[in-house]
There are 4 protein chains.
Amino acid sequence: MSSFTLGDSNDIGVAVLGAGRMGQTHIANMATIPNAHVVVVADPVADAAEAGRDLARAQRASTDPVAAIHDRDVGAVVIVTPTSTHAMLIEEAIKAGKAVWSEKPITQELAETQRVVDLWRASDVPVQLGFMRRFDPGYLRAKALIDSGELGRVEQFRALSRDTFPPPLDYLLHSGGSFLDMSVHDLDLARFLVGEVEEVHAWANVLFDDVFAQADDWDTSVIMLKFANGALGVVETSRHSAWGYDIRTEVAGARAKVVIDRAQKTPATISRTLPSGFGWEGDLYESFPDRFAEAYRIELETFFADLGAGRVPAPGPDEALETLRLALACTRSWRQNRPVKVAEIR
Amino acid sequence: MSSFTLGDSNDIGVAVLGAGRMGQTHIANMATIPNAHVVVVADPVADAAEAGRDLARAQRASTDPVAAIHDRDVGAVVIVTPTSTHAMLIEEAIKAGKAVWSEKPITQELAETQRVVDLWRASDVPVQLGFMRRFDPGYLRAKALIDSGELGRVEQFRALSRDTFPPPLDYLLHSGGSFLDMSVHDLDLARFLVGEVEEVHAWANVLFDDVFAQADDWDTSVIMLKFANGALGVVETSRHSAWGYDIRTEVAGARAKVVIDRAQKTPATISRTLPSGFGWEGDLYESFPDRFAEAYRIELETFFADLGAGRVPAPGPDEALETLRLALACTRSWRQNRPVKVAEIR
Amino acid sequence: MSSFTLGDSNDIGVAVLGAGRMGQTHIANMATIPNAHVVVVADPVADAAEAGRDLARAQRASTDPVAAIHDRDVGAVVIVTPTSTHAMLIEEAIKAGKAVWSEKPITQELAETQRVVDLWRASDVPVQLGFMRRFDPGYLRAKALIDSGELGRVEQFRALSRDTFPPPLDYLLHSGGSFLDMSVHDLDLARFLVGEVEEVHAWANVLFDDVFAQADDWDTSVIMLKFANGALGVVETSRHSAWGYDIRTEVAGARAKVVIDRAQKTPATISRTLPSGFGWEGDLYESFPDRFAEAYRIELETFFADLGAGRVPAPGPDEALETLRLALACTRSWRQNRPVKVAEIR
Amino acid sequence: MSSFTLGDSNDIGVAVLGAGRMGQTHIANMATIPNAHVVVVADPVADAAEAGRDLARAQRASTDPVAAIHDRDVGAVVIVTPTSTHAMLIEEAIKAGKAVWSEKPITQELAETQRVVDLWRASDVPVQLGFMRRFDPGYLRAKALIDSGELGRVEQFRALSRDTFPPPLDYLLHSGGSFLDMSVHDLDLARFLVGEVEEVHAWANVLFDDVFAQADDWDTSVIMLKFANGALGVVETSRHSAWGYDIRTEVAGARAKVVIDRAQKTPATISRTLPSGFGWEGDLYESFPDRFAEAYRIELETFFADLGAGRVPAPGPDEALETLRLALACTRSWRQNRPVKVAEIR
């Protein structure tokens with residue numbers, strides 16, 4: 001078993017792997033974290049690595065992520081590389097005894113994910129996956145209300161997600177399908193807020209963009225969920241939206257209901273004559289970077305706060321495994337046109 | 001074929017059949033309708049009939065609904081009797097050549113409903129069923145937006161309904177099950193706003209009240225809908241609500257989304273210290289009589305306006321038949337634990 | 001002293017005086033009042049009187065309002081005539097011992113109003129003036145919260161009113177100026193919700209329509225209020241609005257704040273691409289008839305319910321007098337360009 | 001004239017003067033600014049200076065703010081010291097040719113502020129004062145709408161501000177009175193959004209806390225504003241709030257109205273049975289640090305972006321002077337119980 005040593009928990013040295021757009025977001029967020037500093041930014045593209053180093057005010061840039069993991073000043077790694085490299089880099093870091101924060105998913109394959117979970121369980125290395133919605137203040141409040149019993153027995157879960165712009169064909173061909181690539185966020189919230197799901201039935205369709213048909217994918221879907229505790233749920237997904245990013249989640253219990261939704265982005269409402277008569281209007285979010293900006297910041301901050309305090313960060317690889325299993329069950333349900341028990345997926 | 005004669009279309013004589021709570025609501029709404037007046041109120045309970053007559057400032061009270069239909073001064077009947085009598089009274093009125101407005105459903109049986117539809121088709125008698133939500137200003141606006149093309153191609157339908165108080169066992173035993181008794185409102189809206197449904201899959205559960213189990217019914221359900229035009233939808237239903245009547249409907253298209261929801265009942269918001277911190281609160285509706293008060297008024301007004309202008313009122317028996325077929329498909333899906341094509345139901 | 005006799009309090013005979021647009025609104029609302037019926041509709045224009053009679057399903061039409069007051073079947077009069085005739089008709093009705101509901105104001109003159117108050121005080125005839133906002137469910141809720149002590153000591157009052165369309169010159173020339181004609185609604189609410197006002201300072205301007213200058217009037221104004229109980233307040237008024245009728249009232253106390261505002265008219269919200277980006281929109285009210293439709297109904301219903309139960313209806317002529325005094329103080333403040341104590345106005 | 005040299009505009013060296021609570025906020029925000037880094041944190045309290053240095057990951061801590069200004073690696077200073085020291089430190093920095101960002105106000109004295117303005121005008125040193133609301137996305141949007149003409153001619157300005165907790169006597173005794181200490185934010189917005197004010201009339205009262213009377217101050221006030229362009233406005237202020245921080249601003253024009261208000265803090269709404277019936281609730285902000293967190297970040301970011309691009313930052317000392325003059329006019333109006341022309345204040 002690899003031995004985990006964090007170094008100075010009040011000033012953890014960090015390697016950021018990946019300096020693309022999301023990598024830059026995480027680097028910017030690192031700047032406000034009191035007990036960590038970026039030592040090295042690694043990206044196979046040397047210019048990106050150097051730009052990341054400058055943004056991070058870090059000591060070193062590197063084109064070799066694996067070397068960066070093994071940097072002697074590094075106690076934790078932040079992985080923001082392409083999905084296909086997550087599993088390998090997480091395993092490398094666990095073996096090196098470095099704490100891991102990684103963008104989700106570990107991989108789209110169940111067996112490979114299980115292998116990472118097994119390695120992690122055999123170690124004492126803290127690993128957290130980037131399910132950022134769990135750290136949005138709205139979802140945190142919902143979770144607190146549920147855990148405190150204020151909702152009473154949970155009866156219904158209801159999630160809607162619409163991305164603004166559909167991805168290009170290149171991306172879709174390696175995305176694992178929309179249940180794994182997009183609905184997975186709501187499936188993870190279902191597990192986070194309500195509990196494990198026993199059975200799913202998924203319907204999907206190509207309604208607006210043939211690129212999805214070309215990728216053997218779908219642009220519009222709906223999933224029914226039967227939870228182990230008896231609750232029922234739905235997850236609706238669409239991969240375009242003429243009105244911007246549209247995320248709404250509702251959990252209804254015997255005593256109360258909580259709705260997570262941000263009614264508008266900017267605190268400015270305009271009243272005027274509209275084409276349809278007298279009215280008012282507000283703006284909406286464009287996409288996940290603006291809607292979940294705060295969640296991205298809080299998830300990293302919480303990870304390092306947990307490391308600093310010796311708490312186990314969550315969600316870990318075990319959570320990622322179960323959420324993947326659920327998304328795979330949806331995919332099978334849609335492919336085989338029948339309800340699927342989640343326990344089938346192994 | 002019976003011959004339909006309305007009498008003076010500027011002052012239509014009306015028989016109101018049934019003077020219970022909803023009957024009183026309709027009688028009160030009749031008072032504001034410019035081209036109709038109540039001639040007779042009929043209810044087997046003489047006291048109720050007389051109280052109804054006084055409320056309606058009508059000439060006559062009667063304990064015989066059939067006789068009231070045949071009253072020579074009556075050109076139209078408003079049927080607000082128990083569900084089990086609707087079909088018989090509608091048929092009697094059609095045969096008597098009197099225009100009919102009736103609370104839904106015609107009956108819970110497909111064959112009997114078909115029989116009424118056939119009789120109606122063979123006549124020229126106007127018949128309108130009381131799907132009041134179709135006349136709520138929110139749903140009217142949604143329908144206008146969809147019909148005008150402002151939503152673009154419709155992609156998703158999403159309905160949620162929660163009644164505040166579960167009904168007693170006596171009622172449940174004759175209600176036909178919650179899909180026919182309650183979800184039917186959302187199923188009708190699905191047809192009204194999006195179009196015909198091809199296939200459904202329904203899951204249900206008894207989560208909070210054993211009275212539903214005793215009635216072989218369920219208190220919580222979710223339905224997936226596959227529309228003929230490719231759109232996907234969900235209908236969620238619960239038969240209790242700690243936060244009052246909770247009705248929300250969303251229709252999303254390629255170009256816009258419309259949400260029908262009344263955020264609060266009274267135009268007064270209170271800000272104060274809440275147990276959980278600083279906050280504000282607004283009130284919500286108790287049940288359908290307060291949430292849909294305006295819709296109840298508008299549906300009757302529209303019926304008489306249509307009669308006055310010689311337009312065919314809608315929704316007619318044919319609409320009621322198709323909505324019933326859809327609710328029966330949901331019931332079969334739940335009973336047989338499988339997706340069901342609506343065309344199966346005949 | 002005239003002797004007040006209502007007749008049958010379960011079925012009060014009513015004379016409606018004035019059958020213009022607002023008269024028709026009140027006639028329509030009369031139809032839903034259980035313990036009153038319209039006996040006669042009077043309007044100097046015979047066609048209007050007859051149309052009103054038909055709408056009211058009343059027995060008689062008349063071109064003589066005074067004769068209608070004295071109709072032997074009449075126990076109460078509803079006065080919806082031009083403002084200049086209110087005082088005379090109210091006095092005639094008091095002398096005849098008939099209960100009075102009248103549109104406000106009694107008159108724009110203090111002395112004449114005082115004379116009506118004196119006559120009323122010397123009688124036992126119930127008289128209610130049409131300050132309809134006091135009967136809107138939002139304001140009723142605010143009043144209840146204040147009276148119950150939930151707001152604590154009231155500290156601030158804040159009212160905004162914008163009419164949609166400015167009135168024509170003809171109207172303005174006899175309207176008494178915008179403080180009496182429009183701000184008076186908010187001044188009455190200030191007294192209703194917070195209490196008597198000791199001092200005012202008013203500023204006004206002609207900003208958008210010279211017709212106001214021609215009438216020696218103003219289109220935009222702001223008033224500061226010093227209440228007898230120490231609270232401070234503001235009333236802002238504008239006589240046009242590109243976004244429809246805009247009425248918002250706030251009362252802040254030591255323990256809570258209540259805001260009376262209806263966020264949108266129709267329960268349908270549309271999300272879409274707006275010229276300025278992704279956004280959503282809702283509609284707003286056009287004017288007082290749609291915003292306060294319910295208040296118009298409730299004020300009449302309450303009047304007749306009070307009559308039926310032997311309660312004294314309110315607000316009576318004394319309230320109208322004090323609200324007029326306050327509006328006159330604002331007018332003097334603006335004309336003389338100085339703060340004015342309300343006690344000055346006598 | 002002192003010569004202004006910024007150093008490397010892509011990596012400006014910064015001295016942060018003052019490491020109290022707000023100093024720490026600004027230090028945290030500095031971490032995300034791409035073209036600046038903190039060189040030295042100065043605070044007379046050595047421990048605070050060192051904690052600030054650690055938080056800033058800066059090279060040096062100092063107990064001497066003046067020395068820090070003159071640090072050779074410093075191109076810009078961020079002043080977050082007690083108000084009484086602002087003028088002196090700004091002057092020192094201007095003389096040293098260092099760019100200045102300073103918390104407002106320069107001072108509470110007009111003559112001293114004028115002296116700083118004169119010094120600044122004679123220099124080429126960029127100076128920005130911390131009116132953070134001007135950088136809140138809501139106010140930025142309002143400003144853009146007004147500047148683009150979408151509101152049409154501005155007619156009304158309406159601001160409400162309530163702080164949650166009243167300050168202690170010690171603070172009040174040196175705060176300059178509530179118009180300078182608190183209403184000044186709304187007065188600055190009035191100038192920013194609508195333009196210069198010609199005349200004010202202010203009323204104030206002690207309604208809930210005698211500590212204000214002891215400080216010859218007031219806890220509740222209302223101001224009327226007459227703008228040079230003819231618009232009318234009001235500013236209401238209260239120094240406590242049982243429902244948290246309450247900031248709402250409205251600007252109404254001939255064509256549209258913009259309301260700046262954040263309806264709730266957390267994107268989670270809870271529906272449940274309330275003591276008063278069925279209802280729903282959302283949370284509100286506690287105070288300026290949470291409501292304007294984004295504005296604090298954006299104002300610094302904009303300052304350094306302007307420095308980097310060679311643009312003149314705003315609002316500068318001239319803006320601070322005019323806003324101070326307006327607040328002094330309000331104070332005189334209240335002290336002398338009369339309307340005051342702003343031009344009187346010199």
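This is a predicted model: local features need pLDDT of at least 70, side-chain atom pairs count only at pLDDT 80 or more; totals for chains, interfaces and linings use all residues.
**Entry 1: chains A and B**

**Entry 2: chains D and B**

Next I went to the contact between chain D and chain B. I found 22 residues of chain D in contact with 22 residues of chain B. The size of an interface is often given as the accessible area lost when the parts come together, so I looked that up too. Between chain D and chain B about 1,600 Å² is buried, and carbon and sulfur atoms give 62% of that area. How many salt bridges cross the interface of chain D and chain B? The rule finds 0 there.

**Entry 3: the parallel sheet of chain A**

I traced an open sheet of 6 strands in chain A, and its order reads β3-β2-β1-β4-β5-β6 with parallel pairing. Which strands sit at the edges? They are β3 (60–62) and β6 (127–129) of chain A, each pairing on one side only. The twist from one strand to the next averages 20 degrees.

Strand β2 (residues 36–42) of chain A pairs with β3(A) in the parallel sense, over 3 bridges. Along that pair I put Val40(A) opposite Arg60(A) in β3(A).

Then I looked for helices on this sheet. Helix α11 (residues 293–309) of chain A packs on the sheet and touches β1 (12–17), β2, β4 (76–79), β5 (99–102) and β6 of chain A. The direction of α11 makes about 170 degrees with that of β5(A). Helix α2 (residues 46–56) of chain A lies across β2 and β3 of chain A, and runs at about 165 degrees to β2(A).

**Entry 4: β8 of chain A**

I moved on to strand β8 (residues 197–205) of chain A. Is this strand mostly covered or mostly open? Mostly covered: 7 of its 9 residues are buried. To strand β9 (residues 220–227) of chain A it is joined by 8 bridges, running antiparallel. With strand β15 (residues 340–341) of chain A, β8(A) pairs over 2 bridges, again in the antiparallel sense.

Glu199(A) turned up in both pairings. Its bridge partner in β9(A) is Lys226(A), and its bridge partner in β15(A) is Lys341(A).

**Entry 5: the parallel sheet of chain C**

In chain C I traced an open sheet of 6 strands, parallel in its pairing, with the order β3-β2-β1-β4-β5-β6. Here β3 (60–62) and β6 (127–129) of chain C stand at the edges with a single partner strand each, so one side of each has no neighbour in the sheet. Neighbouring strands of this sheet are turned by 20 degrees against each other on average, direction ignored.

Strand β1 (residues 12–17) of chain C runs parallel to strand β2 (residues 36–42) of chain C, and 6 bridges join them. For Gly13(C), the bridge partner in β2(C) is His37(C).

**Entry 6: salt bridges**

The count over all chains came to 136 salt bridges. I looked at a few of them.

In chain C, the side chains of Lys265(C) and Asp290(C) meet at 3.0 Å, N to O. I checked the lysine for cover: Lys265(C) is partly exposed, at a relative accessible area of 33%.

In chain D I ended at Arg191(D). Which residues does it bridge to? One is Asp188(D), with the closest N and O atoms 3.9 Å apart; another is Glu196(D), at 2.8 Å. Asp188(D) and Arg191(D) both lie in helix α8 (residues 178–193) of chain D, 3 residues or about one turn of the helix apart.

Buried or exposed? Asp188(D) and Arg191(D) are both buried, the arginine having a relative accessible area of 8%. Glu196(D) counts as partly exposed, at 38% relative accessibility.

Definitions and conventions: Residues are numbered from 1 along each chain as its sequence is written. Chains are lettered from A and ligands numbered from 1 in the order in which they are written. Side-chain values use heavy atoms; hydrogens and water are left out. A salt bridge is a side-chain nitrogen of Lys or Arg within 4 Å of a carboxyl oxygen of Asp or Glu. Buried means under 20% relative accessible area, exposed over 50%, partly exposed in between (1.4 Å probe, protein chains only). Helices (H or I, at least four residues) and strands (E, at least two) are DSSP runs, numbered from the N terminus. Two strands pair if DSSP finds at least two bridges between them. Axes are lines fitted to C-alpha atoms, for helices over the stretch in contact, and angles run from 0 to 180 degrees between N-to-C directions. Contact means heavy atoms within 4.5 Å. Buried area is the accessible area (1.4 Å probe) that two parts lose on being put together, summed over both.
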